Amino acid sequence: MNFEWTQDEEAFRQRLRDFLAATLPEDWERFSQHGPASPALTDYARTFCGRLADEGLLTPHWAREIGGQGLDPWHQTILAEEMWIAGEPRGGQYMNVNWVGPTLIRYGSDAQKARYLPAITGGRALWCQGFSEPGSGSDLASLRTRATRDGDVYRVSGQKIWTSYAGLADTCFLVCRTSDDRKQGISILLVPMDTPGITVRQIPSLIGEGDIHEVFFDDVVVPVEARLGEEGQAWEIIGYSLTNERLGIPRYALARAALDRAVTLLQAQGEFAGEAVRIEAAHAAALCEAARMASYAIVDRRCRGEAIGAESSSARFATVMAERRVCEFIVEYLPQALADAHPYLKMHHQRGIVAGIAAGAAEIQLNIIASDVLKLPREPR
Amino acid sequence: MNLSLTDDQIAILDAIDTLTRPYAGATLHEAGFALTSEALDRDLAEGGFLDIGFDPDLGAISAALVVERLARLPQTVEAAASALIRPLLGDATPRPLCLVEEDKTHRPVRFLAPGATVLLVGPDRVRSFVAGPEHVRAEPEALYAYPMGNLIAQPDDRTDHSVSADDIRTRWRVALAAEAAGLLAAALDSTATYVTDRQQFGRPLATFQALRHRLAEAQVRANGLYWLAMKAASTLDAGDAALAALHAQESARTSVYDFHQFLGAMGMTLEHPLHLWTYRLKALIGDLGGRGGQALAAADALWG
């Protein structure tokens, strides 16, 4: 076991920090409060991701033949940490490099790869994730949006909800029902958002402008070639996607950075001398570092080519614990951060509430840990 | 960053598993609060497993791996202090090694018995002596799963060690975290097995979400603790060690009562071995000022 970063890994992190310092606008911390899905940040992200791509820093962990540099998952982790700590200037495009791209690479047809990957690796694409429905949140397999085969096309009707980025996305990674079998009857369609019959309505949210939406599909015609994988293969593909997504956002890193920033501010105000505040800060730091190490353990296994299963749920829940404790610390000891005094901390707090909800609720992670890590018998359904 | 075990570490852990296998069949329900085994202690010492920390090529990380693995056994062996702190004192230091905070000598001490080395750790100095019968009063009725003794007297002649008290405290925290990681993992395993086998209302207890989620949270804590402990053993950084020890004591506090609760009435008995791990965790919760002490040490190290 060696917990030291290699020189190469440290140099890569420094390169990212230098790039961020040279590229982000001076008022970035205030600007980033628009939220990762806002029109302003989405627009800026196209410029930013284009520059990242020019520097070879957008998809360095992808294989060379598809636009990457073949760097290992440690580099992917360092990249994700530095971007998330910076307030995620890639906006919604972080999803592209975290899981949309890797999923297309693994399951996509040659035509799909040729159509979608260049825009992702060029920093121009924005995807949305058509998963949740009004009656199907954590119980995703109950989804009802129906894709009915009609010759060479599917006709899609139904509704998605709480869909991030849908307002400005160019393509939807749409999960829909092609037969009545609960899990084997679900398929994935890659649907351009300008297809006739799609209506998007923004939902006001706690996490920033433009973040979540309702998406209505009214007899939307989608060619069969737009199906990802086989009919009925969605559950397997989603499992692969979510494994990447669950580990994809290193929220522990921003939580720790926000904690350090809060402590610095409290020290400057002479409010970090008492035992109570110091003890609370240390508890939050311990949870951040526990989540970091749980995540690193999985990254290490990915580096060795091992299949990652339920263990990512454990790292994910550790991150939820950390995020929550840091948010609670700041609310208690630096309440002005939630007003306009400290844009960086406000940005963190605004996004923190997502940690236990998006990409599979925290309680679902606990169910997975119970069944698949602890091997407890499953609950009756 | 490379979190794989080295070939040497794999070989050491395999050897421990082989050595300890004959002890796995010990009768547990007559163990009382603490299950000790002189034979196991002797085998481990003769095999050199408790001296691994003296080898600079293997280092404290390998010693911590040994401590974590041994803590999973129902038998309690004085491994943590010997494996991680004795390398700073010299291999002539007799075992068991008993850690005592200089200003808390009134507390019961793990493994304290005549012949043991008592290490007195003060704010700025580290001293030791070998306990004689006149210094020790055994505590056979203590509610801990370690053999405990009280320090009732000290000799005038104590050895001063030219080691930093801060370095000793850092390694103490690493030792505590590594041992707690093994104890927590084993206690969780034991509880998970029980609630899987035990049927109520026509189904296994483990199928009730009220238990499942709390056990899953314990798994998250145990996993995080393992990695924090190993990182701290690797870096021997004061901040890493304090965070690991804080997570250990906090996780012990949140998990121990849950585990016994989930065993129901069986959780009140000495017939089930769960206490052999949980009542060791209880003994670790108060070390070095408890959670508050670790948290303040962590805050000092991280933020000044």
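**Start at F201(B)**

Select F201(B): this residue counts as exposed because its C-beta has 8 neighbours inside 10 Å, and 12 or fewer is the cut-off for exposed. You are looking at a predicted model. Check the backbone here. F201(B) is not a glycine, yet its phi is positive, at about 55°. Now show the residues on either side. F201(B) sits in the loop between β8 (199-200) and β9 (203-204) of chain B.

**Next, L236(B)**

Move along to the loop between α7 (209-235) and α8 (238-262) of chain B, and pick L236(B). Here is another non-glycine with a positive phi, about 50°.

**Colour residues 173-280**

Select residues 173-280 of chain B. An unreviewed UniProt entry lists them as "domain: Acyl-CoA dehydrogenase/oxidase C-terminal".

**Go to P96(B)**

Zoom to the peptide bond from R95(B) to P96(B). This bond is cis, with omega near -10°. P96(B) belongs to the loop between α5 (86-89) and β1 (97-101) of chain B.

Take the two pairings in turn:

- Pick R110(B); its bridge partner in β6(B) is M148(B).
- Pick R137(B); opposite it in β6(B) stands N150(B).

Strands of a sheet pair through hydrogen bonds of the backbone, in parallel or antiparallel fashion.

**Zoom out to chain B**

Show the whole chain as a cartoon. Chain B has 10 helices and 9 strands. Its C-alpha trace spans about 65 × 45 × 40 Å along the principal axes. The radius of gyration is 19 Å, which agrees with the value near 19 Å for a compact globule of 304 residues.

Finally, colour by burial. Buried residues account for 50% of the 304 in chain B. Then look at contacts. Among those between residues at least 6 apart in sequence, 69% join residues at least 24 apart.

Technical notes
Residues numbered from 1 in each chain as written. Chains lettered and ligands numbered in written order. Predicted model: local features only at pLDDT ≥ 70, side-chain atom pairs only at ≥ 80, totals over all residues. Pairing = 2+ DSSP bridges. Helix = DSSP H or I, 4+ residues; strand = E, 2+ residues; numbered from the N terminus. UniProt positions renumbered as here; feature names shortened; annotations may be inferred. Rg over C-alpha atoms; globule rule 2.2 N^0.38 Å. Buried ≥ 20, exposed ≤ 12 C-beta atoms within 10 Å, placed from the backbone. Contact = placed C-beta atoms within 7 Å.
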